[in-house]
Amino acid sequence: MALAQSATSRFSMHTSPRKALTVDYPMALIQTKLYGPRKRNDLIARTRLLERLNAGLSGNVTLVSAPAGFGKTTLIAQWIQSINRPTAWLSLDEHDNELRVFVRSLTATLQSAFPEAFYGMASLLEAPRFPSVEHVVSLFINDLADMPDDLILVLDDYHLIRNRDIHTLLDLLIEHLPPQLHLVLATRSDPPLPVHRWRARGYLNDLRPADLRFTLEETEAFLNHELGKGVAHETAVSLEERTGGWIAILRLAALSLRNTSDIAAFMDQLHRYTDHSIQSYLVEEVLTHLAPVEQDLLVKTSVLEQFCAELCSAIIGSDISFEQVQATLNWLERSNVFIIPLDERQGWYRFHHLFRQLLKQRLQMLNSAEELAMLHRRASMWYAEQGLIEQGLIDHALEAGDVPGATSLVEAQFLPAFEQEQLVQMERWLGLLPEEQIQGNPCLLLARMWILQARGQLKDFPRLLAAAEQLLETSGSNTSDLDDPKHRLLRAMIAIFWSQFQFFTGQVQASLESARSALVWLPPGEEYVASFAFAWLAWSNHASGQEEVALLELNTALKERSTHLNSTARLLFAQGVVYLAAGKLPQLEHTARHLLQIAQKDDLVLSHHFAHWFLGVVYYEWNNLDAAIYHFSAVIANQHQAHFWVVQDAMRGLALSYQAQGLDAQAQEAARTLLESVREQHNIDDLMTAYAFCGRIALKQDEGEQAEQWLEMAGEQEVRGPMMFLEDPPITRAWLLLAKGDEVSVAHGQTLLAHLLHHVEAIHNTRKMIEVLALQAWAYDLQNRESEALEVLERVLALARPAGFIRTFADLQPLARVLHELRKRRKSRKALDRKLDTYLQHILAAMNSRAVPPVSTEVLLRQEGLEPLTDRELHILHFLDKDFTNKEIARQLVITTGTVKVHISNVYRKLSVNNRRAAVSLAKALGFLPADQAARPQLQ
C-alpha cells in the first residue's frame, strides 16, 4: 500500500501530470541570470579602470579576477553602462555546471541581445543527444557569424564552473572568436584556461585585485558620498590602510559609521580585529541596528541562491508578514550593501557573495541541523509548487537530506518528460538521486529504461523490468490499487518496455502478448502512451505473419484514437516500419510523405527525421540516388535532433548512395563519419555494426583484404532481431565469404545464408528476404549450380518487382552474369513478360554507375516540393560555405547586414534548416553547391 501511494505521489502537486513542466526553469528563473546589476547612485567614477577596459576591446578577452567583495561585477556593469555597444550578460550559477545547461544559458543570453539569431544553437538544445564540444563550438561560431552587430558578452562568476567540457568549449571558442564578439570573464580565481597563451598572443586584457582596490582618493570620495563631506581625511586614510581598499568591507564600514556618533571609537575598535575577522565584526555591527525579525529574515534567507519576497515568506513562515519581508528587501536594496537585484522588475535578488558567506556562518551557528533542514524543505516545496524542479531538487530537497521528497519531485516529472521527450533532463535528475531510491521505485526504474533504450542499450531491461514488476506486486495486491489509473499506467508502461525488449531480441510471440497486455492495462485518456503500445503490437503482428492485422489495427487507431499530431506521427511511423519490413516501398513512400507533412506542420523533430530516413531508403532502393542523398543528408544535417539509430542508418545510406554513383572517396568519407560518430557513443554493438559496414564499403570497392580486416574487427554476430536497417553484419559476412570465391568459403557462406533465410522468413521480413535470396543466387552460381541459381533468382525477382527493388541487385555486381543468363533463357523459351524484361534491364543498367544520369536540381526541387532559391540566395549560400560573417557578406554584395539576414532566413526556410552548417550540407546534397572532394586516406 505504501508503494502504491508512492507511485501516485508524482501527481499530487499538480492537478494534471501533463501540466507539471509548464513552468520550466529556463523560461522562469533564467531571465534573472540575463541582467547585469542596475545602475546605482553611489558609484565612484573609476576612470583609470574604465580606460583599461576600453583599451582591452582591441583583444578577444577581458579577465577580471579577484576575490569576493572587490567590486568586479559593479565595475563591469559601470563600464558597460558607459559605452555604446550591445551587451549580453550571464550570471553563472551551480546549475550551469553541465555542458547542455551551460549552452542553454549562454544561448538564452545571446538571444536576449539578438532575438532573431542563434536558432542553430536553440534547436540543438532540444536534441535527444547532445553533440561533442567540437560540434557545439562549430555551431556557435556559425551562429555568431550571423550576429547583426558587435557584442560584448559578460560571463559573471565563472569560478563556479568546474566542468572540463565547458572549459574546453570556451577555450576552442576563444581560439576561433569572430571579430564582432568580445568576451568578459569575471571570476574569483583564474579559470583552468590558457590565460598565459592568450596574453602572449595579445588576446587578453586582465584586471587583478591590486588594480581593483580603492585608492586613497577613491576611498575618500566614497566616504564623502556616503557620509557627507565632513568626514575627516584621517578617517579615509585609516580605513584605506585597514581595509586595503577592499570595497565590500569599506561599504560595510560606511554603513556602520552612519549609525555611530563616535567615529574615533569605532575606528579604534576596528583596529582591534584581525584581517580575517574584520568582515564578521562589520556584519555584526550592521545586524545590531536591525529589528530581530529583519535579522532573522537576512540570516535564514542566506540558504537561498536567489530569492523574491514570496519565497522569503515561504521559508520564514508566520514569524514575519509578507509586507515586512517586502519592506526589508526594499531597504536592503536602497542601502546597496547586502543584496543585488537580478531583474528589471525588481522581483528577484541575490546576496552579495561575501555577505552570504558570512550570513550562512551565522545561520549555522544559531540553528540546529533540523532547523536548517526545515528551511530547505520549505524552499523545496515552494519551488516544486512553481514547477521549478531544478531548484527544488538540487538546491534544497537534497541539501535538506530529504531524499524521499527529492525522489517524489523526480517521480512526478517522469510522464510529462516522457511525453515531451525531455530525456536529457530526466537523466540529469536521476543522476542526482541515490541509487537505492531508483532501485526501490518502479516509476524511476521505467525512467531509467526509457533513457537506456534511447541509446540502444537494452541488455539490462530484463533485470530492471523484473524489479519494477516485483515492486508493484508487493505494493498493489488489493483491488483498489489495481483499479487505480496511475497504477495501471505503470503496469502498461512496463508491458510496453517488455514488448520492445522482446521484439529486438527475436521473441516475437512474447512481444505480441506484452503489447496486448499494455493496451489492457492502459487507463483511458493516455493516447500518447497508447501509440507506443500500438506500434509494438503492429510490429510484432507483422513479424508473426499477421501483416493485414497489423495494418488494420494501426489504421483503426489512426482513425479512432489519434486526436493529437504527436500520436498520429507515432502511429504513422509504426505503419512505415511495417511497410519497410514487408518490402512495400510505394506504400512506405506514401506514409513517409504523410509523416513528413505532419512533422513539419507541428514541428515534430524526431518524426521529421524518421520521414526523411524512410524516403532515403526508398529512393536508394529505387536507384533515385540524388533524392536518396538529399533525404539522408536532411537527417545528418540535424543529426543531434534525430534518433541515433536513424542517424547511423542515414550515414550508411549516404555512403551507399555515393558508392552507387562511383564516388569512392565520398563513400569512404561518409563511412568514416559514421565510425567517428558511433565511437563517441561508447556502444559496443553499434561499433561492431559500424565495422561491418566499413567492410561492406570495402567489398564494393573490391578491397577484399581490407574488408576481411573490418569483418574480423566486427566479430561473429548472432542472427536475430528485426533487421530493420541497411547494415546487418551476418549478411555482410556472408557477402565476404562469397567474394573470397574458394570452395570452403562459399560453402560456409551458403550455410550462413540458409540460416539467414530461415530467420527472415520466420519474421516475415520480405525486404531482407530479397537481399538474402539475391546473395543465395550468387552463391549457387559460384558453385556452378546454375539451374538452382536461376530458380532462386526468379523467385526473388517475383518478390522484388512489385515494389521496384533495384539497388539490392545492382549492388551485387557478380550477379550480373546470372541476370544475363536469365534473360537469355527467357528469350530462348520465348517467355513473354515485358514488365519483367523491363525490370531486368533497369537492374542491369543500374549496375553501371555511369549509366545513372544525375537528376537536375530543378527536378529534385520539384519532386520534393521545395521552393527554388533566388540568384541572390545562391550567392549568399556560397559565402556561407566559405564561413563569411554577415558583415563580410554585406561588404561583398554591397548590401546591408539586415538584407543579408533576410536572405539567410529565406534560405533556412526553403531548405527547412535552422543553421549554417545544415544549410550548406543540404545545399550540396541538392546541387546548389559543389560537393566536398574527400581527400583523406582510406578508412583505418
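In this predicted model, the side chains of Arg825 and Glu821 meet in a salt bridge, with N and O 3.7 Å apart, where a salt bridge means a side-chain nitrogen of Lys or Arg within 4 Å of a carboxyl oxygen of Asp or Glu. Both residues lie in helix α45 (residues 816-828), four residues apart, about one turn of the helix; helices are DSSP runs of H or I with at least four residues, strands are runs of E with at least two, and both are numbered from the N terminus. Glu821 is buried at a relative accessible area of 15%, whereas Arg825, at 32%, counts as partly exposed; buried means under 20% relative accessible area, exposed over 50%, and partly exposed in between, with a 1.4 Å probe and protein chains only. The two residues also belong to a network of salt bridges that links Asp781, Glu786, Arg817, Glu821, Lys824 and Arg825.

Residues are numbered from 1 along each chain as its sequence is written, and side-chain values use heavy atoms, without hydrogens and water. Because the model is predicted, local features need pLDDT of at least 70 and side-chain atom pairs count only at pLDDT 80 or more, while totals for chains, interfaces and linings use all residues.

By the salt-bridge rule the count comes to 40. One of them joins Arg428 and Glu98 at 2.6 Å, N to O; Arg428 lies in helix α23 (residues 423-432) and Glu98 in the loop between β2 (87-91) and α4 (99-113), so this pair ties together parts that are 330 residues apart in sequence. Arg428 is buried, at 16% relative accessibility.

Asp881 is partly exposed at 29% relative accessibility, while Lys924 is buried at 18%.
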